Amino acid sequence: MENNAIFDIRTERDFLIQALRIFKFQYINNSVYHAFCTYLNVQPDNVQTLEQIPFLPIEFFKSKDVLSTTDQPEITFTSSGTTGSATSKHFVTDLSIYEQSYLKAFNHFYGDISDYCVLALLPSYLERTGSSLIYMADDLIKKSEHLESGFFLNEYEQLHQLLLELQKTDTKILIIGVSFALLEFTEQYQMSLKNTIIMETGGMKGRRKEIVRQELHQLLSNGFGVQQIHSEYGMTELLSQAYSKGNGVFDCPNWMKILVRDTEDPLTYLSTGKSGGINVIDLANINSCSFIATQDLGKINQDDTFEIIGRFDNSDIRGCNLMVL
């Protein structure tokens with residue numbers, strides 16, 4: 001099946017054509033997704049719009065092998081999970097699709113990665129294996145062409161000194177970090193950075209009390225001395241990311257789209273501005289499942305940007321009797 005066509009999408013019509021093509025492919029070749037569609041009595045012949053496509057609950061990645069190919073995985077990405085809980089497994093049979101996805105998306109939103117010094121402050125991800133974020137960050141570091149680019153576990157003093165040195169030049173800097181580590185850094189060092197993007201990847205990961213995004217971004221903005229805090233929206237089960245350049249408002253690359261479902265009726269969709277469950281279409285997931293119902297809550301804005309406003313707790317999840325499939 002032609003995979004690279006998704007990166008040539010330019011219009012809504014292009015997206016629909018590719019989404020319907022991939023839906024039919026996954027309906028035929030993904031036994032888990034086929035069973036789910038059959039349970040809902042949905043077949044490709046009856047599907048003509050994005051809203052008619054069934055979205056697989058993200059929990060299936062914890063209990064099933066979600067694959068649309070018989071090819072052997074090149075890598076298996078896993079979620080962190082809490083002690084004793086099941087973790088998601090995303091079997092990736094073609095890493096080149098993932099690499100194209102994050103490189104083309106970064107280039108679209110930020111320009112050539114080789115122009116940046118990439119500093120990754122991702123301790124909770126470095127401390128385990130199977131992180132798709134670490135895979136992406138490692139490749140961005142390698143492609144940045146800056147000798148100073150690299151990972152930092154908890155070497156805050158080393159990072160501080162490097163930033164002071166880089167500020168003496170016109171180097172463009174990207175600091176990508178997990179929220180609690182960025183906060184810990186700013187509690188030790190107050191800076192006023194120029195030519196610097198601070199990009200948080202979310203999650204206190206049990207290390208600190210959760211705080212609302214506005215408060216987090218204000219603390220980070222003050223601590224690093226920058227006007228806006230950027231964000232990356234991605235997850236183990238996706239091969240694409242959306243990006244926010246401030247205020248928690250995210251844009252998708254052309255091969256990714258967000259729909260918002262009713263929390264009481266997962267097969268009903270909400271209009272612009274109304275809050276509900278986030279459904280993601282990630283066409284880069286061609287060899288697993290491109291249509292995923294997440295546990296995130298959010299809303300879509302008039303300009304097709306979107307915002308994340310929280311997560312379901314377990315008592316809020318409706319329709320999960322489908323998990324018995």
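Ile281 stands opposite Phe291 in strand E13. Before going on, some ground rules: this is a predicted model, in which local features need pLDDT of at least 70, side-chain atom pairs count only at pLDDT 80 or more, and totals for chains, interfaces and linings use all residues. Residues are numbered from 1 along each chain as its sequence is written, and side-chain values use heavy atoms, with hydrogens and water left out.

Strands (E, at least two residues) and helices (H or I, at least four) are DSSP runs, numbered from the N terminus. Two strands pair if DSSP finds at least two bridges between them. Strand E12, residues 276–282, runs antiparallel to E13, and five bridges join them.

With strand E14, residues 306–311, E13 pairs in the antiparallel sense over five bridges, and Lys299 stands opposite Glu307. E13 and E14 form a hairpin with five residues between them, and Asp304 in the turn has a positive phi of about 75 degrees.

Why is E13 described as largely enclosed by the rest of the structure? Because nine of its 10 residues, 291–300, are buried. Buried means under 20% relative accessible area, exposed means over 50%, and partly exposed is in between, with a 1.4 Å probe and protein chains only.

Next, strand E4, residues 116–121. Six of its six residues are buried, so E4 is also largely enclosed by the rest of the structure. In a regular strand the side chains alternate between the two faces of the sheet. In E4 both faces are covered: Tyr116, Val118 and Ala120 are buried on one side, and Cys117, Leu119 and Leu121 on the other.

E4 pairs in the parallel sense with strand E6, residues 172–177, over six bridges, and Val118 has Leu174 as its bridge partner there. E4 also pairs in the parallel sense with strand E5, residues 150–152, over three bridges. Leu121 has Phe152 as its partner in E5.

Gly177 is in E6. Buried or exposed? Gly177 counts as buried because its relative accessibility is 0%. Leaving out residues up to four places away in sequence, Gly177 touches Leu121, Leu122, Leu182, Met199, Glu200 and Thr201; contact means heavy atoms within 4.5 Å. Gly177 and Leu259 are 82 residues apart in sequence, and their C-alpha atoms are 27 Å apart in space.

Last, the helices. The 18 residues of H1 should span 26 Å at 1.5 Å a residue, and its end C-alpha atoms are 25 Å apart, which agrees. The expected span is 1.5 Å times one less than the number of residues.

The axes of H1, residues 12–29, and H2, residues 31–39, come within 6 Å and cross at roughly 100 degrees. Axes are lines fitted to C-alpha atoms, for helices over the stretch in contact, and angles run from 0 to 180 degrees between N-to-C directions. H1 and H2 are therefore roughly perpendicular; that word covers 65 to 115 degrees, while under 35 is roughly parallel, over 145 roughly antiparallel, and the rest oblique.

Where they meet, H1 brings Phe23, Gln26, Tyr27 and Asn29, and H2 brings Ser31, Tyr33, His34, Cys37 and Thr38. The buried residues of H1 include Phe15, Leu16 and Ile22. Their cover includes H2, strand E11, E12 and E13.
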